[in-house]
Amino acid sequence: MTFDDVETPAVLVDIEIAERNIDRYQDYCNLHGIRLRPHIKTHKMPEFARRQIEAGAVGITCQKIGEAEVMADAGLDDILITYNIIGEAKLKRLRALAERIKLSVTADNEVVIKSLSRTFADARQPLTVLIECDTGARRCGVTTPSEAATLAQAVENAPGLTFGGLMTYPAVGGSTSVEHWMREAIVRSEAAGPECAVVSSGGSPDMWSAHVAPAVTEYRVGTYIYNDRSLVEAGVCDWKDCALSVLATVVSTPTPERAIIDAGSKILTSDLLGLQGHGHVLDRADLSVRVLSEEHGTVASADGATRLNVGDRVRIIPNHCCVVSNMVDRVTLHRGMAIEGERRVAARGCVI
């Protein structure tokens with residue numbers, strides 16, 4: 001089977017590049033004494049999660065219970081869910097999951113902590129809870145170190161729970177802020193009683209500066225396994241480090257300056273992440289994916305004529321690879337130009 005045999009649009013993953021990315025970042029973490037806990041939301045595939053563990057990761061990160069259940073079914077047994085768990089149905093699933101694996105979660109408010117406590121009050125083992133901290137990204141998380149200490153004490157005092165440490169998803173370029181924020185939070189938390197065993201930070205855009213915040217004991221990255229246009233444009237990696245691409249076919253050339261491909265927003269995503277256009281066309285730096293509709297992409301050239309013909313194929317590095325993974329049931333694995341076959345994206349669509 002060759003690339004010409006692959007029906008388009010298709011998501012391709014180069015295994016050699018993915019494995020190289022896994023090993024390269026694990027080496028970095030080993031060098032700096034950082035425990036790596038990769039986020040599986042990028043690939044959503046147990047075989048890649050196992051490869052990350054085999055390389056030296058201490059466990060994995062999931063965002064939703066559904067993802068964690070898929071990974072646990074596949075034998076992954078140390079999982080952190082970095083999301084406030086709300087609702088009786090989800091809490092019941094969380095309890096069942098915790099009875100199967102080593103599980104930890106995050107919380108940033110007393111409502112979540114109290115509901116977790118009610119669910120785990122009679123559990124054989126307490127549930128480990130990390131306090132989520134907003135160190136500058138302005139998403140979830142307590143906004144001051146004193147609030148973190150207060151919630152840490154609340155967790156430690158809650159039946160069925162134990163305080164595991166602090167967690168943050170910082171703003172891009174926020175490593176220094178993480179260090180200052182977490183140092184103060186650690187002091188305040190430990191002064192109140194519970195030991196802060198884990199300080200978990202993350203983010204692929206700042207992955208090579210994780211060591212700038214030595215208070216961080218654990219780092220969570222997801223995109224690093226595949227990489228994408230956003231990380232190349234940010235200087236984090238190069239095009240040769242991008243394992244995931246979208247293979248598309250030119251289906252129309254209405255004018256010499258405009259070619260239409262069979263990959264639209266349902267496979268390339270509409271995420272811009274501050275960039276112009278919707279992806280990088282490999283080996284054709286003059287081309288850009290200017291416009292997307294659901295099933296069509298419009299390709300134009302900075303030089304005028306695209307020099308593309310109906311039936312031609314292009315490979316595109318998407319702006320944001322994580323979203324692409326969640327839009328397809330299967331990906332095509334290859335090593336260089338050798339196709340290895342399709343694999344199911346097992347946790348695809350697990351958003352609950």
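Q: What does the side chain of serine 204 reach?
A: A polar contact is a pair of N or O atoms within 3.5 Å, where within protein one must be able to donate a hydrogen and the other to accept it, and residues adjacent in sequence count only if both atoms are side-chain atoms. Here the side chain of serine 204 reaches the backbone nitrogen of threonine 223 at 3.2 Å. This is a predicted model, in which local features need pLDDT of at least 70 and side-chain atom pairs count only at pLDDT 80 or more, while totals for chains, interfaces and linings use all residues. Residues are numbered from 1 along each chain as its sequence is written, and side-chain values use heavy atoms, with hydrogens and water left out.

Q: Where is serine 204 placed, and is serine 204 buried or exposed?
A: Helices (H or I, at least four residues) and strands (E, at least two) are DSSP runs, numbered from the N terminus, and serine 204 is found in the loop between strand E8 (198-202) and strand E9 (218-220). Buried means under 20% relative accessible area, exposed over 50%, and partly exposed in between, with a 1.4 Å probe and protein chains only; serine 204, at 5% relative accessibility, counts as buried. Contact means heavy atoms within 4.5 Å, and, not counting residues up to four places away in sequence, serine 204 touches Val221, Gly222, Thr223, Tyr224, Leu231 and Val236.

Q: How many salt bridges are there, and which residue does glutamate 67 meet in one?
A: A salt bridge is a side-chain nitrogen of Lys or Arg within 4 Å of a carboxyl oxygen of Asp or Glu, and by this rule the count comes to 23. In one of these, the side chains of glutamate 67 and lysine 44 meet at 2.8 Å, N to O. This pair links distant parts of the chain, 23 residues apart, with glutamate 67 in helix H3 (residues 65-73) and lysine 44 in the loop between strand E2 (35-36) and helix H2 (46-55). Both glutamate 67 and lysine 44 are buried.

Q: Which residue forms a salt bridge with arginine 95, and which residues are linked in a network of salt bridges?
A: Arginine 95 pairs with aspartate 122, their closest N and O atoms being 2.8 Å apart. Because arginine 95 lies in helix H4 and aspartate 122 in the loop between H5 and E6, the pair ties together parts that are 27 residues apart in sequence. Aspartate 122 counts as exposed, at 60% relative accessibility. The network of salt bridges links Glu19, Asp23, Arg51, Arg335 and Glu340.

Q: Which residues of helix H5 are buried, and what do they pack against?
A: In helix H5 (residues 110-120), the buried residues are Val112, Ile113, Ser115, Leu116, Ser117, Thr119 and Phe120. These buried residues pack against helix H4 (88-98), strand E5 (102-107), strand E6 (127-133), H6 and strand E7 (161-168). At the start of H5, a side-chain oxygen of asparagine 109 comes to within 3.1 Å of the backbone nitrogen of valine 111.

Q: At what angle do the axes of helix H6 and helix H7 cross?
A: Axes are lines fitted to C-alpha atoms, for helices over the stretch in contact, and angles run from 0 to 180 degrees between N-to-C directions. The axes of helix H6 (residues 145-157) and helix H7 (residues 175-192) cross at roughly 35 degrees and come within 8 Å. On the H6 side, Pro145, Ser146, Ala148, Ala149, Ala152 and Gln153 meet Trp181, Glu184, Ala185, Arg188, Ser189 and Ala192 in H7.
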